[in-house]
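Student: I have not seen this structure before. Could we go through the terms and check each one against its values?

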Amino acid sequence: MAYDPDNLFARMVRGEIPCIRLYEDAHTLAFMDIMPQSPGHCLVIPKVAGENLLDSPAESLAAAIATVQRVARAVQAGLGASGVIVQQFNGPAAGQTVFHLHFHVLPVYGAGGSLRLHAREKADPAALEQQAAKIRAALATA
């Protein structure tokens with residue numbers, strides 16, 4: 001499959017469609033997932049075109065994982081999560097639905113905290129904004 005430069009996440013990077021931004025630098029963008037599996041679920045993407053982990057440049061991967069670490073720390077601190085799951089899917093058979101490399105940062109609350117199913121139900125935008133504000137505050141003090 002050839003990379004589609006008009007995929008949802010590429011359009012977010014270019015500012016063509018809105019997202020609830022948490023963090024951005026020259027190489028990456030982090031934003032809230034509108035269909036979260038848990039409160040505070042967010043995504044980190046590299047700005048460089050790449051469909052998945054297997055075809056993305058190493059420099060892009062390095063920048064993305066550094067941002068994943070920074071955002072995961074802020075999610076845990078800002079939202080009081082007990083833990084954080086990081087997920088990444090490669091190809092349709094593995095569950096990838098947007099074909100631009102992305103990492104899911106999923107806060108977990110309590111021992112054995114449960115997650116909702118992936119990409120099933122849209123969250124209330126006001127709730128996402130409240131969670132984002134707490135994450136951004138934690139990022140600002142990191």
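Tutor: Start with aromatic pairs: rings of Phe, Tyr and Trp (its six-membered ring) pair if their centres lie within 6.5 Å, and planes under 30 degrees apart count as stacked, over 60 as edge-to-face and the rest as tilted. A search of the whole structure finds 1 aromatic pair. This is a predicted model, in which local features need pLDDT of at least 70 and side-chain atom pairs count only at pLDDT 80 or more, while totals for chains, interfaces and linings use all residues. Residues are numbered from 1 along each chain as its sequence is written, and side-chain values use heavy atoms, with hydrogens and water left out.

Student: What makes Phe9 and Phe31 an aromatic pair, and of which kind?

Tutor: Their ring centres are 5.4 Å apart, and the limit is 6.5 Å. The planes make 65 degrees, and over 60 counts as edge-to-face. The pair is therefore edge-to-face.

Student: Why is the pair said to tie parts together?

Tutor: Phe9 lies in helix H1 (residues 8-13) and Phe31 in strand E2, so the pair joins parts that are 22 residues apart in sequence. Helices (H or I, at least four residues) and strands (E, at least two) are DSSP runs, numbered from the N terminus. Both Phe9 and Phe31 are buried.

Student: How do you know whether Val75 is buried or exposed?

Tutor: Buried means under 20% relative accessible area, exposed over 50%, and partly exposed in between (1.4 Å probe, protein chains only). Val75 has 0% relative accessibility, so Val75 counts as buried. This residue is found in helix H2.

Student: Which residues does Val75 touch?

Tutor: Leaving out residues up to four places away in sequence, Val75 touches Gly40, Cys42, Gly80, Val105, Pro107 and Ile135; contact means heavy atoms within 4.5 Å. The C-alpha atoms of Val75 and Ile135 are separated by 5.4 Å, although the two are 60 residues apart along the chain.

Student: What is meant by a nonpolar core?

Tutor: A nonpolar core is a set of buried Ala, Val, Leu, Ile, Met, Phe, Trp, Tyr and Cys residues joined through side-chain atoms within 4.5 Å. The largest one here has 22 residues, and Val71, Val75 and Ile135 are among those that touch the most other members. Its largest share, 7 residues, comes from H2. A second, separate core of 8 residues includes Ile17, Phe31, Ile45 and Val98.

Student: Why are the buried residues of H3 said to line one face?

Tutor: The buried residues are Leu128, Gln131, Ala132, Ile135, Ala138 and Leu139. Seen down the axis of H3, they fall within an arc of 120 degrees, so they line one face of the helix. The arc is that of the directions from the helix axis to the C-beta atoms. The buried residues of H3 pack against E1, E2 and H2. On the other side of H3, Gln130, Ala140 and Thr141 are exposed.

Student: What makes Asp6 and Arg14 a salt bridge?

Tutor: A salt bridge is a side-chain nitrogen of Lys or Arg within 4 Å of a carboxyl oxygen of Asp or Glu. The closest N and O atoms of Asp6 and Arg14 are 3.3 Å apart, so the pair meets the limit of 4 Å. Asp6 counts as exposed because its relative accessibility is 51%, while Arg14, at 41%, counts as partly exposed. Asp6, Arg11, Arg14 and Glu16 are linked in a network of salt bridges.

Student: How many salt bridges does a search of the whole structure find?

Tutor: The search finds 6. One of them joins Lys47 and Glu24, at 2.7 Å from N to O. Lys47 is in the loop between E3 and H2 and Glu24 in strand E1, 23 residues apart, and the pair links distant parts of the chain. Glu24 also meets Arg21 in a salt bridge, again at 2.7 Å from N to O.
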